[in-house]
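Biologist: I am new to this structure and would like to learn how to read it. Could you take me through a few of its features?

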Amino acid sequence: MELNFMSVLLAVCTFLIIGLFHPLVIKTEYYFGTRPWWLWLIGGLASIVGALFISDNFLSTLLAVLGATLLWGIGELFSQKKRVEKGWFPMNPKRKDQYVKRDPGDSICPVHNKTSKK
């Protein structure tokens with residue numbers, strides 16, 4: 001029986017990519033707001049398209065994971081702004097005018113809000 005360590009290494013790399021982008025979303029929103037979302041879009045699409053042209057399965061998969069993480073990060077960037085507005089994260093004092101005061105009980109989900117009927 002031969003062990004396949006590449007799948008475990010891929011899982012670790014995926015975990016590290018996602019783990020790296022969590023604080024990157026927070027820092028991006030703090031210093032730049034949501035304005036750079038289009039950079040995340042270009043990076044995500046370029047990574048996914050690049051993954052299509054790489055013949056090595058391991059590298060192709062890593063690049064696709066990076067692309068998906070970048071695309072997911074766009075939504076997280078806008079959700080992070082809402083988390084800051086709710087007081088869950090610190091607000092950049094240089095950009096106070098870009099925030100709207102929110103009730104801590106408000107949903108940050110773009111689909112669900114207090115006025116929606118169940």
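This is a predicted model: local features need pLDDT of at least 70, side-chain atom pairs count only at pLDDT 80 or more; totals for chains, interfaces and linings use all residues.

Biologist: Let's start with packing. At what angle do helix 2 and helix 3 pack?

Modeller: A helix pair can be described by the angle and the spacing of the axes. Here helix 2, residues 37–52, packs on helix 3 at an angle of about 160°, and the two axes are 7 Å apart. An angle over 145 degrees counts as roughly antiparallel, so helix 2 is roughly antiparallel to helix 3.

Biologist: Is the crossing of helix 2 and helix 3 left-handed or right-handed?

Modeller: Their crossing is left-handed. On the helix 2 side, the residues that meet helix 3 include Trp37, Trp40, Leu41 and Ile48. Among their partners in helix 3 are Leu63, Leu66, Leu70 and Phe78. Sorted by class, this contact has 15 nonpolar and seven polar residues, with no charged ones.

Biologist: And how far apart are the axes of helix 1 and helix 3?

Modeller: Those axes lie 8 Å apart, and the angle is about 30°. Angles under 35 degrees count as roughly parallel, so helix 1 runs roughly parallel to helix 3. The crossing of this pair is right-handed. Its contact residues divide into 16 nonpolar, six polar and three charged.

Biologist: Which residues line the largest pocket?

Modeller: Among them are Ile18, Phe21, His22, Trp40, Trp72, Glu76 and Arg83. By class, the lining has six nonpolar, four polar and two charged residues.

Technical notes:
Residues are numbered from 1 along each chain as its sequence is written. Side-chain values use heavy atoms; hydrogens and water are left out. On a 1 Å grid over the protein atoms alone, a cavity is a set of points where a 1.4 Å probe fits but cannot get out, and a pocket is an open set with protein on both sides within 12 Å along at least five of seven lines; lining residues have an atom within 4 Å of a point. Ala, Val, Leu, Ile, Met, Phe, Trp, Tyr, Cys and Pro count as nonpolar, Asp, Glu, Lys and Arg as charged, and the others, Gly among them, as polar. Axes are lines fitted to C-alpha atoms, for helices over the stretch in contact, and angles run from 0 to 180 degrees between N-to-C directions. Helices (H or I, at least four residues) and strands (E, at least two) are DSSP runs, numbered from the N terminus. Angles under 35 degrees count as roughly parallel, over 145 as roughly antiparallel, 65 to 115 as roughly perpendicular and the rest as oblique. A crossing is left-handed if the near helix is turned anticlockwise from the far one by less than a right angle, and right-handed if clockwise. Contact means heavy atoms within 4.5 Å.
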